[in-house]
Amino acid sequence: MREIVFRAKDLYFSYDGKKNALDGASLDLYAGERLAVLGANGAGKSTFFLCLNGVLTPDRGTMLLDGELIGKKERGRLCRRAGIVFQNADDQIIASTVAAEVSFGPMNLRLPEAEVACRVEHALDYMELQPFRARPPHELSGGEKKRVTIADILAMENDILLFDEPGASLDPAGEERLEAVLDRLHADGRTLVISTHDMDFAYRWADRIAVFCAGRVLAAGAPETVFRDTRLMARTHLRPPLLLDVFDRLAARGFVPAGAACPKTPDGLEALLGREK
Ligand SMILES: Nc1ncnc2c1ncn2[C@@H]1O[C@H](COP(=O)(O)OP(=O)(O)OP(=O)(O)O)[C@@H](O)[C@H]1O
């Protein structure tokens with residue numbers, strides 16, 4: 001088992017002092033894992049992300065980074081380790097050109113100018129944003145802005161990356177590009193956490209799934225296990241991914257080899273069924 005980089009235990013947070021957005025949320029993050037965070041609207045996913053990267057301070061509960069307790073004064077450590085790509089790019093973008101936007105974070109770290117320039121070029125290359133570097137971000141499309149916000153956190157060189165519904169404004173080509181970027185970041189050893197309402201993506205992409213409901217984490221584990229928990233799915237109003245559903249129906253009718261695991265792609269299922277192209 002990989003080491004735990006971040007541990008949240010019984011986190012409580014309320015925006016208004018009346019209703020708890022986090023209501024005893026506990027979750028571990030493992031180094032280098034791909035974790036998909038699921039849950040209905042208002043379940044507490046974004047609030048949890050904001051606590052994890054130090055923007056919000058939980059009212060109660062404990063957070064540990066590399067096994068060390070994070071108190072109110074150590075929130076800066078969380079900001080440095082965990083970068084967040086906001087759900088709405090306009091909440092994140094502040095500068096007047098794409099290049100200035102991407103340089104904003106590293107400049108705030110008071111890094112030497114040459115180091116800032118190097119990080120900016122790398123992030124712009126990585127996200128294929130060089131042709132946009134002099135453009136005002138507010139003139140870009142939703143998908144292009146999303147790429148800018150990802151470049152923002154790449155320039156910070158955080159090892160824990162939190163993506164709040166990154167696929168929401170992307171067309172199919174944009175989704176493919178995002179998945180390719182996520183694959184590269186995973187290969188680089190980053191810890192990736194994504195909140196999403198796309199069950200098919202979560203099943204295909206994640207090593208683990210965490211399910212939020214009313215400010216708590218009801219389950220965390222292997223995608224097959226979590227998605228096959230029919231009670232959990234019903235309670236949280238989630239639906240299993242289409243591929244797993246089809247696989248389980250075929251398996252129930254004896255069409256797949258006994259003991260076979262469900263593949264992650266339709267091509268994998270086709271190969272398993274012995275009808276390779
Ligand atoms: N800035 C805010 N001020 C007051 N209440 C808020 C604020 N942000 C979120 N909330 C409330 O906190 C609760 C949790 O919201 P949160 O945004 O964390 O959920 P979520 O799981 O990310 O939802 P979604 O899937 O819709 O993005 C909700 O009841 C929401 O109304």
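The buried residues of α4 are V116, R119, V120, A123 and L124; a residue is buried if 20 or more other C-beta atoms, placed from the backbone, lie within 10 Å of its own, and exposed if 12 or fewer do. Seen down the helix axis, these buried residues fall within an arc of 130°, so they line one face of α4; the arc is that of the directions from the axis to the C-beta atoms. This is a predicted model, in which local features need pLDDT of at least 70 and side-chain atom pairs count only at pLDDT 80 or more, while totals for chains, interfaces and linings use all residues. Residues are numbered from 1 along each chain as its sequence is written.

**Helix α4**
- On the other side of α4, A114, E115 and D125 are exposed.
- The buried residues pack against α3 (98–108) and α5 (142–156), where contact means C-beta atoms, placed from the backbone, within 7 Å.
- After α4 comes E128, with a positive phi near 50°.

**The sheet**
- Six strands make an open sheet of mixed pairing, in the order β6-β7-β8-β3-β9-β10; strands (E, at least two residues) and helices (H or I, at least four) are DSSP runs, numbered from the N terminus.
- At the edges are β6 (82–85) and β10 (216–221), each pairing on one side only; to pair, two strands need at least two bridges found by DSSP.
- β9 (residues 208–213) and β10 are antiparallel and share five bridges.
- C213 is opposite R216 in β10.

Terms used
Two residues are in contact if their C-beta atoms, placed from the backbone, lie within 7 Å.
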